[in-house]
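Hi everyone, thanks for coming. I'd like to walk you through one model today, so please have the sequence and the 3D view open while I talk.

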Amino acid sequence: MKTHIEDSASGKKHQLPMLKFFDSSLRLCAVPLSVATIWVTVTNQQDNSTYGMLKYYKFSALKYMVLVSALCACYAVVAAACSWVRYYASKAWIFFVSDQIVAYLTITSVAAVTEIYYLAYNGAKEDSWSEACSSYDRFCGKVKLALILHAITFCCFFVLSVISAFRAFSVFDPPYVNSLQVQGD
């Protein structure tokens, strides 16, 4: 007769290859998304006869997004390769910490570019800033596309951080609670 613990242990062993495959697939999906974000952002420029040329490097938030996207792509490739190496795969805390860092960096760059896009699209009348997207519609469209790609990259790293947290903390048993303590409280 099998116990509940034996059933769950065999279920965990069956889930691990699928989880590992899903983990690697998400990491590899983040690479083209990050590269596309970089390409769309770096090639983004528009000339306006009234206001002049507008290029991505004039905005620190866009430069930061390019930097974070490059970091995401490099990290995703290295982490996907390392996840199949037995030594690194057994070090779940390495993936947990690094996935958390990359997810946080990605969401900060999404927030920074969202703010720039919002100001360019709506302006800030109380600060005497007019909207710029009517004059630079193609530039704003590419910023929006890059922002969407980068947000999808963030979603990948968010799910990866949840998976790595599961892997890191599932090796520990739940805390032991004495039934007498529970009844006495």
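**A charged trio**

Let's begin with a network of salt bridges that links Asp23, Arg27 and Asp99. Before going further, please keep in mind that this is a predicted model.

As a reminder, side chains of opposite charge can pair when their charged atoms come close. How many salt bridges does a search of the whole structure find? It finds two, so let's take each in turn, given that a salt bridge here needs a side-chain nitrogen of Lys or Arg within 4 Å of a carboxyl oxygen of Asp or Glu.

One of them joins the side chains of Asp23 and Arg27, at 2.9 Å from N to O. These two residues sit four residues apart in helix H1, which covers residues 4–42, so about one helical turn separates them.

The other joins the side chains of Arg27 and Asp99, with an N to O distance of 2.8 Å. This pair ties together distant parts of the chain, because Arg27 belongs to helix H1 and Asp99 to helix H4, 72 residues apart.

Are these residues buried or exposed? Both Asp23 and Arg27 are buried. For Arg27 the relative accessible area is 1%, so it counts as buried. Asp99 is buried too, because its relative accessible area is 0%.

**The overall picture**

Let me zoom out now. The protein has six helices and two strands, and along the sequence they follow the pattern α-β-β-α-α-α-α-α. Of the 185 residues in the protein, 35% are buried. The accessible surface comes to about 11,900 Å², and carbon and sulfur atoms account for 68% of that.

If you look at contacts with a sequence separation of 6 or more, 77% of them are between residues 24 or more positions apart.

Now for something from a record. An unreviewed UniProt entry lists residues 62–89, 101–120 and 145–166 under "transmembrane region". What does the model show for two of those spans? Residues 101–120 are 100% helix and 0% strand, and their end C-alpha atoms lie 29 Å apart. Residues 145–166 are also 100% helix and 0% strand, with 32 Å between the end C-alpha atoms.

**A buried methionine**

Next, please find Met65, in helix H2, which runs over residues 60–82. With a relative accessible area of 0%, Met65 is buried. Which residues does Met65 touch, leaving aside those up to four places away in sequence? The answer is Thr37, Thr41, Ser109, Val113, Ala146 and His150.

**Aromatic pairs**

On to the rings. With ring centres within 6.5 Å as the criterion, the count comes to six aromatic pairs. One of them is Tyr56 with Tyr57: the ring centres are 6.0 Å apart and the planes meet at 85°, so this pair is edge-to-face. Tyr56 is buried, because its relative accessible area is 17%, whereas Tyr57 is partly exposed at 43%.

Tyr117 and Tyr121 give us a stacked pair, 5.9 Å from centre to centre with 15° between the planes. They are four residues apart in helix H4, residues 92–122, so about one helical turn separates them. Tyr117 counts as buried, because its relative accessibility is 19%.

Let's stay with Tyr121 for a moment, still in helix H4. Not counting residues up to four places away in sequence, Tyr121 touches Glu131 and Cys133. Between those two lies Ala132, and the C-alpha atoms of Tyr121 and Ala132 are 6.2 Å apart, at 11 residues apart in sequence.

My last stop is a nonpolar surface patch of about 340 Å², made by Phe22, Phe158, Val159 and Val162. Which helix contributes the largest share of the patch? That would be helix H5, residues 137–169, with three residues. Val159 is in this helix, and it counts as partly exposed because its relative accessible area is 30%.

To come back to where we started, please take one more look at the salt-bridge network of Asp23, Arg27 and Asp99.

How values were computed:
Residues are numbered from 1 along each chain as its sequence is written. This is a predicted model: local features need pLDDT of at least 70, side-chain atom pairs count only at pLDDT 80 or more; totals for chains, interfaces and linings use all residues. Side-chain values use heavy atoms; hydrogens and water are left out. Patches are made of residues with over 30% relative accessible area and no salt bridge: like charges are joined within 9 Å, nonpolar side chains (Val, Leu, Ile, Met, Phe, Trp, Tyr) within 5 Å. Accessible areas come from the Shrake-Rupley method with a 1.4 Å probe; for residues, only the protein chains shown count as cover. Buried means under 20% relative accessible area, exposed over 50%, partly exposed in between (1.4 Å probe, protein chains only). Rings of Phe, Tyr and Trp (its six-membered ring) pair if their centres lie within 6.5 Å; planes under 30 degrees apart count as stacked, over 60 as edge-to-face and the rest as tilted. Contact means heavy atoms within 4.5 Å. UniProt positions are given in the numbering used here, feature names are shortened, and annotations may be inferred rather than shown by experiment.
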